[in-house]
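Please examine the model below together with its sequence.

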Amino acid sequence: METLLLSRIQFAANISFHILFPTITIALGWFLLFFKLRWQWTGDLKWMEAYRFWVKIFALSFAMGVVSGITMSFQFGTNWPGFMETVGNIAGPLLAYEVMTAFFLEAVFIGIMLFGFSRVPNWLHTTATFLVAFGTTMSTFWIIVLNSWMHTPQGFEMVDGVAFATDWLAIIFNPSMPYRLAHMLLASGLTVSFLIAGIAAFRYILGDRKETVRSQIRVGLTFGALLIPIQIFMGDLHGLNTMEYQPAKVAAMEGNFSDTDGNTPLILFGLPNEETRTVDYAVKVPNMASIILTHSAEGSIPALDEFVTEEGDVLHPPVNAVFWSFRVMVATGMAMLLISWGSLAFLWRRADDGRRFAIRRLPKPLLYGLVPMALSGWVATLAGWYTTEIGRQPWLVNGVMTTEMAVADVPAPMVLSTLIGYLVIYAALLFAYIGVILYLSIKARHNEPLTELTPSSGGAVVDAISGNDRGIVPAE
Amino acid sequence: MIDLFGYPPDQWLPFVFAGLMGLSILLYVVLDGYDLGVGILTPLADDGDQKDMMVASIGPFWDANETWLVLAVGMLLVAFPAAHGLILSTLYLPVFILLVGLILRGVSFEFRVKARAKYKGLWNGLFFVGSLMATLAQGFMLGLYIMGLQVTALTLVFATLCALALVVGYAFIGSTWLILKGEAKLQANAIRWAKNCIWGLVIGIGAISLASPIVSPRIFDKWFAFPEMLYLSPLPVLSLVLLAYLWRTLSQMPRPRDLDAWKPFVCALGLFTLAFLGLAYSFYPYVVPEKLTIYEAASAPESLLIILIGACFVVPTILAYTALAYWVFRGKAKELRYD
Ligand code: HDD
Ligand code: HEM
Ligand code: HEM
């Protein structure tokens, strides 16, 4: 049992660390393509400056994503051998397609995208940028297919306790896949929108008033404002889909222990108590849960008590974790909605020269508020995954196998020592990662605005100003 | 489902997948081998600039090189799930060391040039340590695997020997890469490093060739029987010829107009390939030595077929665009920059 618990913590720690970086690279790849195309079409070098700033952060995030991803691909064998032994016939081909169609594409073209600008024709560089973005999206597709299949499995039969595929289309297009894929891609888009707006706001506050910085605030805010309503709408659809296939999860998200008669209130906050099976100190909105989930005040929604057997076996997920992580996600989403639309409303007002979208029209509190929002995407994404994954427990593959069945019999002390090792390294790397992003933002202040597209633009100036005497500066 | 050359699918599919997995492992070993090797050599650089140049020579390639490891583990995972669990949970700790090594060096590529200048030394150090850890772990796992995944004092000693030999082996292939990619002082250093490392390669390949038949009577019988010995003789003979040729080429370097700069690297590729073929021959048909054959460990034929169909289209494409990348970054290594 101890090995099981430690293995779960280790897996959760690894995947949580990993997902931070894909969340950035998936959408940032498309944003880089956007910056590059804007430059090609308008000839305005502020877009190239944006490209060159963010491509560094992309490269760094990508490297973090790759190394933590390689760790992930070993986790199945080292800690969850039972997973592959039971559902390997289905998980295997999906993972193989991810490696073959996505990983190689990204890994090969990232070299040309990062270091090829002055070596290959412009069209090839643009194509490479596109292929990297496309590759990260393909990889999202395949891994989400697998993950969704674990939530809503179909298209297989069990023979002697081993799953065999019977219908690949049914496996790939399993019921929760379209919702989860859309929700995740939007999550990535939002994460990057707010990251760009937040970092640009940080540079602006530090006194970096270049045109490129202002444009980045606008781009980030506009995409954020566009995507967040869609995300909220998708989230609602996702929840409805979950209610159909994983009712226990929805009951846990709502914190609904016993109410199945309709007119169920929405619990905004409260303390779910699994001992007494009630929610203490609940703040409720009458009828609202029924309205959201069934679009009618009388509708009845799933309740947790329905998932406790006569013998008292609990077949629903731990309530507190699901309840709270769901609320963190939704609250972050609401904060995104308010700050992006609020900022746009201020920007819409004309400045003295009659132009709209002047960044100086942005009130200080909003400008300063944008900076911590740079991390809001991470918070919401992690919270979302915790809702989904903890909500699936005690199942590993819903209705097919429990997490307990999959664990390796590696001695607990061994798992504990590797777990501590990973945690120490991850904490250090996260610290270094955020530190370097802040450092790059601060340093960018000394860059002269680009006036022509020369390979060595600005480098010497930066080095002179920042007292940088390193000689050649590769990969910068 | 379809038979191939008269073999039913549950015979030929595992064989084909063992071949694909072998190919990924071989490509991983030689490709990541040279870039891990360059990492191991970095402390020997004359100065910071030379170190930067060494890293620049592998910068555009390392990610794709490591992806072959993902494919190899993926193949093991998807095609031989039973073996995957058995091997990886036995090698739990070395795998952890390998992963930590790969993490450290992978992120150091980026951090060493992006963090504040005063931390560059730290990241350079981690780059070296990471490369070394990953290589030691790989050699150690290879050694234990050859010993049939048995853990005793003797097998641990052998595994440690393999780990050290692989460090020298990777440093060797790394220096031949630098001979190809480097100029002037760097190239001269690389030639010296290659000459110093070549013996490690000889000891490593020699020790493995001697040890595996001694440990396993089955392997002994496979090699020292007639007429197999005859068909197999090209392996050791070719290896010796290549070694002699390498030594001669290295002694004549550097030559005017950079003649022959590519030869040591290609010979090194050849040597690694021959050694690998020998190993593959010894262990076939086992995927877990003496315990589990590829036929027993294989996934359902339906699942394998669906991967194979994809692989037939995708693997040639992967090779094609990998070739494109090597072509784009052909010639001597230059300073890496984003603009
Ligand atoms: C929603 C997206 C997503 C999710 C849930 C996962 N990944 Fe991931 N992964 C990516 C999206 C991604 C990516 C965007 O494609 C990455 C990030 C940076 C990169 O290089 O590719 C990546 C990299 C990456 C790599 C390195 C690829 C390379 O060498 O280029 C591996 C081996 C994995 N992942 C494996 C996994 C496994 C085994 C996962 C699940 C348990 C997983 N990832 C979850
Ligand atoms: C990317 C975002 C993801 C996050 C943040 C995440 C998070 C988590 C967490 C927190 C758990 C632990 C639940 C518990 O034990 O209470 C878990 C379990 C699990 N997840 Fe995910 N997950 C993600 C994606 C995936 C994907 C894509 C897969 C498979 C392809 C996957 C496979 C598993 C497995 C096998 C378990 C069971 C092991 C365990 O309980 O720790 N997860 N995940
Ligand atoms: C504010 C309204 C939102 C609603 C109603 C909502 C709804 C949901 C629901 C119901 C799930 C669980 C799906 C399941 O049953 O497994 C989920 C998961 C998730 N959410 Fe949200 N969400 C919202 C906002 C956000 C935001 C703003 C982000 C990130 C920027 C986000 C990221 C995620 C992620 C990454 C997951 C896990 C993957 C998945 O299952 O799709 N969500 N969301």
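**Ligand 3 and its shell**

Q: Which residues come nearest to ligand 3?
A: This is a predicted model, in which local features need pLDDT of at least 70, side-chain atom pairs count only at pLDDT 80 or more, and totals for chains, interfaces and linings use all residues. Residues are numbered from 1 along each chain as written, chains are lettered from A and ligands numbered from 1 in the order written, and side-chain values use heavy atoms without hydrogens or water. A residue is near a molecule if one of its heavy atoms lies within 4 Å of it. Of the 23 residues around ligand 3, those that come nearest are Arg180(A), His183(A), Thr242(A), Lys249(A) and Met329(A).

Q: What distance separates an oxygen atom of ligand 3 from a side-chain N or O atom of Lys249(A)?
A: A polar contact with the ligand is a pair of N or O atoms within 3.5 Å. A polar side-chain atom of Arg180(A) lies 2.8 Å from an oxygen atom of ligand 3, and the side chain of Thr388(A) has an N or O atom 2.9 Å from a ligand oxygen. For Lys249(A), the distance is 2.7 Å.

Q: Which helix gives the most residues to the shell around ligand 3?
A: Helices are DSSP runs (H or I, at least four residues), numbered from the N terminus. Those of chain A that each supply at least two shell residues include α6 (177-205) and α10 (319-348). With 7 residues, the most comes from α7(A).

**Gln187(B)**

Q: Is Gln187(B) buried or exposed?
A: Gln187(B) is found in helix α8 (residues 184-215) of chain B. Buried means under 20% relative accessible area and exposed over 50%, with partly exposed in between (1.4 Å probe, protein chains only). Because its relative accessibility is 8%, Gln187(B) counts as buried.

Definitions and conventions: A polar contact is a pair of N or O atoms within 3.5 Å; within protein, one must be able to donate a hydrogen and the other to accept it, and residues adjacent in sequence count only if both atoms are side-chain atoms.
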